[in-house]
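Subject: Structure for your review

Dear colleague,

Please find below the structure that I am handing over to you.

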Amino acid sequence: MAPSTSKQDRKAVLDTGAWLFNVSTSVGIIMINKQLMSVYGFNFATTLTGLHFTMTTLMTLVLRCMGYIQPSHLPAFDLAKFALCANFSIVGMNVSLMWNSVGFYQIAKLSMIPVSCLFEVLFDKIRYSRDTKLSISVVLAGVAICTVSDVSVNTKGFISAVIAVWCTALQQYYVHNLQKKYALGSFDLLGHTAPVQAASLILSGPLVDYWLTEKRVDLYDFSIPSVFFIVLSCVVAVGTNLSQFICIGRFTAVSFQVLGHMKTVLVLFLGFIFFGKEGLSIQVVMGMLLAIVGMIWYGNASSKPGGKEKRSYPLVEKVQKSQADEELGLMKG
């Protein structure tokens, strides 16, 4: 009984640490990028993402030297599929935000949860209990009340949103699936994917950003403060990318999406504190509370027997335990 309890406590510590790591870095990078784009006018989002993955690639090289990333194999076809989905997700989200109203953009982001559920049902044969389905609906309703205002749609905006949603959901599914399928740790998978994404986004980013903004990144008037925020954004992005792989690897893409909406609530709350309270209303507060209730309900419902029944993968327990130790050691360090 004691060893089992100790194992559960250890998992709870790792799970909590992973979520706190992801929430703090994700909220942090949103606030930093908001400052960088709104104050200093650096609106080259795709190029900035390429810089993020370049910094992440450097981090994986350091981790490899430290022994956190072990030699592993990921087939080129699977790597190409992942990189393609991830890059289309990034570009698609940027284009969707440009071509759609903010309200429709938020609805598109919310639709990632049912799409992620569909992937898990089709590919992993997962079955959700009634309480789990209802709790997801409550989260969606709460976040929609918080964020959706004007909703208008056009053909090209709708197409870009569909591409963005499906590619993002598929990319997040691949993060979980590839780790389990090839017994890869989160650090190992990031070591394979980050260099490919960095190279492709650095090459294509300036062209995509010019198409979106009609401005050239090489003509941007760099200053010491703007360079400071670019570097800070890249440093925090390393934690964001790493924590995403850790969280989805430990949970699933659906759980990552559902509980990840806590970041939406925090961004709204911090936005009211640091950028003004004109958007604060009873509707927004009620939506935030409803979303939080739904997240707590989802966590409880999905953890119960039958809440989420899924097919197991033939992983080696030794690999899983070793990677968990490495992740805990890095988060503590």
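The notes that follow set out what was found, beginning with the basis of the values.

This is a predicted model, in which local features need pLDDT of at least 70 and side-chain atom pairs count only at pLDDT 80 or more, while totals for chains, interfaces and linings use all residues. Residues are numbered from 1 along each chain as its sequence is written, and side-chain values use heavy atoms, with hydrogens and water left out.

Overall layout

The protein chain contains 12 helices and 2 strands. These elements are DSSP runs numbered from the N terminus, with helices (H or I) of at least four residues and strands (E) of at least two. Read from the N terminus, their order is α-α-α-α-α-β-α-α-α-α-α-α-β-α. Of the 333 residues in the chain, 48% count as buried; buried means under 20% relative accessible area, exposed means over 50%, and partly exposed lies in between (1.4 Å probe, protein chains only). Among contacts with a separation of 6 or more, 89% are between residues 24 or more positions apart, a contact being heavy atoms within 4.5 Å. The chain exposes about 16500 Å², of which carbon and sulfur atoms supply 69%; accessible areas come from the Shrake-Rupley method with a 1.4 Å probe, and for residues only the protein chains shown count as cover.

Nonpolar cores

In soluble globular proteins, nonpolar side chains tend to be buried together. A nonpolar core is taken here as a set of buried Ala, Val, Leu, Ile, Met, Phe, Trp, Tyr and Cys residues joined through side-chain atoms within 4.5 Å. The largest one has 44 residues, and Phe82, Tyr174, Phe187 and Leu189 have the most contacts inside it. Several helices each supply at least two residues of this core, including H1 (2-38), H3 (76-99), H7 (155-181) and H8 (186-213). The largest share, 9 residues, comes from H7. Leaving aside residues up to four places away in sequence, Tyr174 touches Lys81, Phe82, Cys85 and Gln179. A second, separate core has 17 residues, among them Ile126, Tyr128, Met295 and Tyr298.

A buried serine

Ser26 lies in helix H1 and, at 7% relative accessibility, counts as buried. A polar atom of the Ser26 side chain lies 2.7 Å from the backbone oxygen of Asn22. Ser26 also touches Thr240 and Lys263, when residues up to four places away in sequence are not counted.

Nonpolar surface patch

Leu84, Phe88, Leu118, Leu122, Phe123, Phe158, Ile159, Val162, Ile163 and Trp166 make a nonpolar surface patch of about 910 Å². Patches are made of residues with over 30% relative accessible area and no salt bridge; like charges are joined within 9 Å, and nonpolar side chains (Val, Leu, Ile, Met, Phe, Trp, Tyr) within 5 Å. H3, H5 and H7 each supply at least two residues of the patch, and H7 gives the most, with 5 residues. Phe123, one of the patch residues, lies in helix H5 and is partly exposed, with a relative accessible area of 39%. Phe123 and Asn177 are 54 residues apart in sequence, yet their C-alpha atoms are 9.6 Å apart in space.

Salt bridges

A salt bridge requires a side-chain nitrogen of Lys or Arg within 4 Å of a carboxyl oxygen of Asp or Glu. The count comes to 2 by this rule. In one, Lys81 pairs with Asp78, and the closest N and O atoms are 3.4 Å apart. Both residues lie in helix H3, 3 residues apart, about one turn of the helix. Lys81 is partly exposed at 26% relative accessible area, whereas Asp78 is buried at 8%. Asp218 forms a salt bridge with Arg216, with the closest N and O atoms 2.6 Å apart. Arg216 is partly exposed, at 44% relative accessible area.

Backbone points to inspect

Lys125, although not a glycine, has a positive phi of about 55°. Lys125 sits in the loop between H5 and strand S1 (127-128) and is exposed, with a relative accessible area of 54%. Ala183, likewise not a glycine, has a positive phi of about 55°. Ala183 is in the loop between H7 and H8 and is partly exposed, with a relative accessible area of 28%.

With kind regards

Notes
A polar contact is a pair of N or O atoms within 3.5 Å; within protein, one must be able to donate a hydrogen and the other to accept it, and residues adjacent in sequence count only if both atoms are side-chain atoms.
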